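Colleague: I would like to learn how to read a new structure. Could you walk me through this one?

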Amino acid sequence: MPLPPAYALVATDLDGTLLRRDDTVSPRSRAALGLAAAAGARHLVVTGRPVPGVRGLLAGIGYQGLAVCGQGTQLYDAGAGRIVRAVTLDRELADAALGKIEAQVGQVYAAVDQDGPDGRTLIEPGYLMPHPALPAHQALHRNELWAAPVVKVLIRHPELDDDALAAAAHEAVGDLATVTLSGPGTVELQPYGVDKGAGIALAAEYLGLDPTTAIAFGDMPNDLPMFRSCGYGVAMANAHPLLRAAADEVTLSHEEDGVAVVLERVFGG
């Protein structure tokens, strides 16, 4: 039996971190994750994507473990193909939060990720999907966004950049929701107090592990709570400046196998 590794859990974001721009995992990264597994470490995917937007991708890379999805709102068992826990965003609070944001910055365009393994991403007129590979369905009016339970709301502004919109939204919504910046063109609202840090803590509990034994990899400010929950945080070279500043280490970019470079060093010896 292999000795317990220094890190019992390897937590990786997907977009901009483990995945290359074409949504694939490189052979080198697969091999490095294999090294970690051979040493006894568990791999945990921690992503802002909701379950329907990641289920096929996880199957394609042969991932069978737990996945924290939807910014911590969903815990998904990829091997069993089921959501083991989910937290939804109160739709009245979400609508009120949008109103407060618009009172401060003017009109925003919104989308929602519905709850459930087959939940849809609905977009109102004017909203542009930042990731064209993810499917979305057009709603005719904003009130259609609230027709079914949602795990999070995505917002875009016609003029403000991501950092300015995230800061304004955080100030406007208070404790109505948690505001995250998870990627280019992706400012999101999820249930208050729910984030990747809470999600990884829940997943670690399910696995019988201490999250402080985790080494975490990310690229955007939504990964900050994950870094705070884990023992060691690694930012990609392409990461947002806030995450690079908070990281214990900065590795190469997601296109240069930055995750693999660190895992090879940690588990390859």
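Modeller: We will go through the sheets, the helices beside them, an aromatic pair and the pockets.

Modeller: This is a predicted model, in which local features need pLDDT of at least 70, side-chain atom pairs count only at pLDDT 80 or more, and totals for chains, interfaces and linings use all residues. Residues are numbered from 1 along each chain as its sequence is written, and side-chain values use heavy atoms, with hydrogens and water left out.

Colleague: In what order do the eight strands of the open sheet run?

Modeller: Helices (H or I, at least four residues) and strands (E, at least two) are DSSP runs numbered from the N terminus, and two strands pair if DSSP finds at least two bridges between them. Here the order is S5-S4-S3-S2-S1-S12-S13-S14, with mixed pairing. Strand S5 (82-86) and strand S14 (249-250) are the edge strands, each pairing on one side only.

Colleague: How many bridges join strand S12 to strand S13?

Modeller: Four bridges join S12 (residues 214-218) to S13 (residues 232-235), and the two run parallel. Ala-216 has Gly-233 in S13 as its bridge partner. For contrast, look at strand S4 (residues 74-77), which pairs with S5 in the antiparallel sense over four bridges. Tyr-76 stands opposite Ile-83 in S5. The hairpin of S4 and S5 has four residues between the strands, and Gly-81 takes a positive phi near 70° there.

Colleague: Which strands stand at the edges of the six-strand sheet?

Modeller: That open sheet has the order S8-S7-S6-S9-S11-S10, again with mixed pairing. Strand S8 (137-138) and S10 each have a single partner strand, so one side of each is left without a neighbour in the sheet. Strand S7 (residues 121-123) runs parallel to S8, joined by two bridges, and Leu-122 has His-137 in S8 as its bridge partner.

Colleague: Which strands does helix H5 touch?

Modeller: Contact means heavy atoms within 4.5 Å. Axes are lines fitted to C-alpha atoms, for helices over the stretch in contact, and angles run from 0 to 180 degrees between N-to-C directions. H5 packs on the sheet and touches S9, S10 and S11, its direction making about 170° with that of S10. Helix H4 (residues 91-105) lies across S6, S9 and S11, at about 15° to S9.

Colleague: Which two residues form the aromatic pair?

Modeller: Rings of Phe, Tyr and Trp (its six-membered ring) pair if their centres lie within 6.5 Å; planes under 30 degrees apart count as stacked, over 60 as edge-to-face and the rest as tilted. Tyr-7 and Tyr-232 form a tilted pair, 6.1 Å centre to centre with 45° between the planes. Tyr-7 lies in the segment before S1 and Tyr-232 in strand S13, so the pair ties together parts that are 225 residues apart in sequence.

Colleague: How many residues line the largest pocket?

Modeller: On a 1 Å grid over the protein atoms alone, a pocket is an open set of points where a 1.4 Å probe fits, with protein on both sides within 12 Å along at least five of seven lines; lining residues have an atom within 4 Å of a point. The largest pocket is lined by 40 residues, with Asp-15, Arg-49, His-131, Leu-134 and Thr-186 nearest its centre. Elements giving two or more residues to this lining include helix H1 (14-18) and helix H3 (51-60).

Colleague: Which residues lie closest to the centre of the second largest pocket?

Modeller: They are His-170, Val-179, Thr-180, Leu-181 and Pro-221, out of 17 lining residues. Helix H5 (162-173), S10 and helix H7 (224-229) each supply at least two residues of that lining.
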